[in-house]
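Hi,

Here is the structure I promised to pass on to you.

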Amino acid sequence: MEKDIEVEELEKFEENDEPIIGMSFDSDVDLFIYFKEYGKRKGFPILRRTSRKDSDGILRNVTFACGRSGETRSKSVNILKPQPNAKTGCNARLGAGLGDDGKWTIRSLNLEHNHVLLTPTKSKYFRCNRSLNTYAKKRLDVNDRAGIRLCKNYQSLVIEAGGHENVTFIERDCRNHVQKERRLRLGDGDAAALQNYFMKMQVEDNRFYFSMQVDDEGRLKNVFWAEPRNREAYKEFGDVVTFDTTYLTNKYDMPFAPFVGVNHHGHSILFGCGLISHEDIETFTWLFRTWLSCMSNLAPNGIITDQDRAMKVAIQNVFPNTRHRWCLWHIMKKVPEKLGGYKEYRNISNVLHCAVYDSQSATKFEETWHHMITEYDLGDNEWLRGLYDERHHWVPCYLNNTFWAGMSSTQRSESMNAFFDGYVNSKTTLKQFVEQYSCALKNKVQKEVEEDVRCLSQQMPCVTDYAMERQVRDVYTISKFQEFQQEMIRKMYCEYVNSMGCENIVREDVKVGEGKKRTFFEVYFEKENGEIRCSCSRFQFRGILCRHAIAIMIRNDVEVLPEKYILRRWRKDVWRCHSRVKTSYELHSCTDEQKRYEKMCATFAEVANMAAHTIESSNLVFNWIENVRGDLSKAILCGDNEVTVVTGQGSCSVEVETVRDPAARRRKGRPPCQRKKSNKFSKSKINSSRSNAKVLLKCILNLIKVKKFLT
């Protein structure tokens, strides 16, 4: 029979049950099971050698042979490195035919082998004796989708079965099944798989958006996609977007380029993403324009990126009215690298941090910066000179005229790493990346739903008696209320100093190491129209009123926040469209067999829970199962599974019928080290005749050298 046929034993055979000519069986399947069990006991594998059908297509004759029959030519390119071969030319075989009475009768038999026979404990590892049952396949598929590594996936099945001796498969069988399922879900070619998947998603929901750009040879250059939920979420939280290309790679070294925002819980949320071939102006311009088209040409108010020059030019071209901010975290982490060689590095670093984080105005920053340059003779440092020329892109005091939705520098740099943690691995194929990406996205949506439920079903206690704390607690999500509550708590370290008209001075005692320092803040407050601003700019950056503003409001007997400082984006009591949008996470629909299996498992689990309490109820269920098992007819699954891919028009499609896989490209930065590869990864397929000729010539020369040495 075929290697992937799954059968169950019809009966347990006795040790002395030997096949003889004239034995009859009800079907060729029964005959196969019998001979397979015989071979398992005696220690040899079996396979179907030949079969013949008559003119009506009815199977009439079949031959089962020892699995070590025949000869196999070596597939090794290098003849000096041959591969092991199980074939020994064994002539042991069994021939049978279908009689007029409908019975299958053994007509020829040869049980003589020309090789060593194994014990039953070892013969179970022959391919014909190994099989994956439906339960094991389901477990493997579920765990693989959850991102569990294959070795742990396999080990969990072994432990559940009580040891390796109780499973009918090996780790290689599990690996083959997982890889086969991945191919069936997404097709064979990476680029073609992406194209088919995207078109299938768009047939199911025409709001799914994708665009693929190819080169002159039809190879994939760049791709962008966004799910309906991503597009709806952008309408709600798209005021500020972060963009970066430094997170993940795949086997083609195509940078992953996500567009990320912040939701009402302060968590990262995706607005679409791309895989790009280059990090140049042309590529970024294509990606930004495609994303803008996907989002109905509504540009964000602010965008945060790294210091990439090509990215900066593309943003100026595509988003001319969007405020562009550099990631402060990326800049400050380069300080040891750029300034660590100076003798006074520690002092330089302290002054630089003071200029960046403590300057409440552009004037103060300029003063501190020039003092640092002069005091430590840094006028010739090109890195610092470049940062100063671009200070409007990264220094906080120059950016406080734009609302940044609470996206801090550290959060931005870590958000996508946390977003994909445990789901997306580097160096995957494109189709594996799509599957892992979808799993990570599903997990992110689930966490948002759980947080929504927590906010609506739980309530944080207040730590003060001020009405504004209860006001914020009743309408904000828990995470955002906790931020406001911390400002209420830290108000105790703030003290009113003086005022002149609407201008107020507030002093705060800030802990620094083991000591503390006093910092002064300017708070502008108009009680009549409820306008309040603080020089710390916390509301502009975090969307939460600062403790300095709260202190001045309370001092002026204002205990309820003006409505304009209760932001809709942090509220828990509003209806948001994106939370109602169905997602497209499953890469393929379950087959009817899988649906029936899952339904039966769920029902069996309920019955088992009810019956496990007493021995009587358990025995009742066991007896019922045995009766049903005897009534069920045994079905044999054979042949290959087929996958039909549904295609449709894309919102932004490509002009080629099938997209070819992209060419592998090297990323920016330090070249990869040229360390010697291990034998495990140094084997490559040689396709060209020129390469084959070179290898063959080398082998011949080696043989000549060996011959000369021997003579």
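Let me start with a helix: in α8, the buried residues are Thr283, Phe284, Thr285, Trp286, Leu287, Phe288, Thr290, Trp291, Leu292 and Cys294. Buried here means under 20% relative accessible area, with exposed over 50% and partly exposed in between (1.4 Å probe, protein chains only). Helices (H or I, at least four residues) and strands (E, at least two) are DSSP runs, numbered from the N terminus.

A word on the source: this is a predicted model, in which local features need pLDDT of at least 70, side-chain atom pairs count only at pLDDT 80 or more, and totals for chains, interfaces and linings use all residues. Residues are numbered from 1 along each chain as its sequence is written, and side-chain values use heavy atoms, leaving out hydrogens and water.

Back to α8, which covers residues 281-294. Because 10 of its 14 residues are buried, α8 is largely enclosed by the rest of the structure. After α8 comes Ser296, with a positive phi near 60 degrees.

Strand β9 (residues 256-262) is also worth a look: 7 of its 7 residues are buried, so β9 is largely enclosed by the rest of the structure. One side of β9 holds Phe256, Pro258, Val260 and Val262, and the other Ala257, Phe259 and Gly261.

β9 has pairing partners too (two strands pair if DSSP finds at least two bridges between them). Strand β8 (residues 240-243) runs antiparallel to β9, joined by 2 bridges, while β10 (residues 268-275) pairs with β9 in the antiparallel sense over 6 bridges. Val260 is the bridge partner of Thr242 and also of Leu270 in β10.

Best wishes

Methods. Expected span 1.5 Å × (residues − 1).
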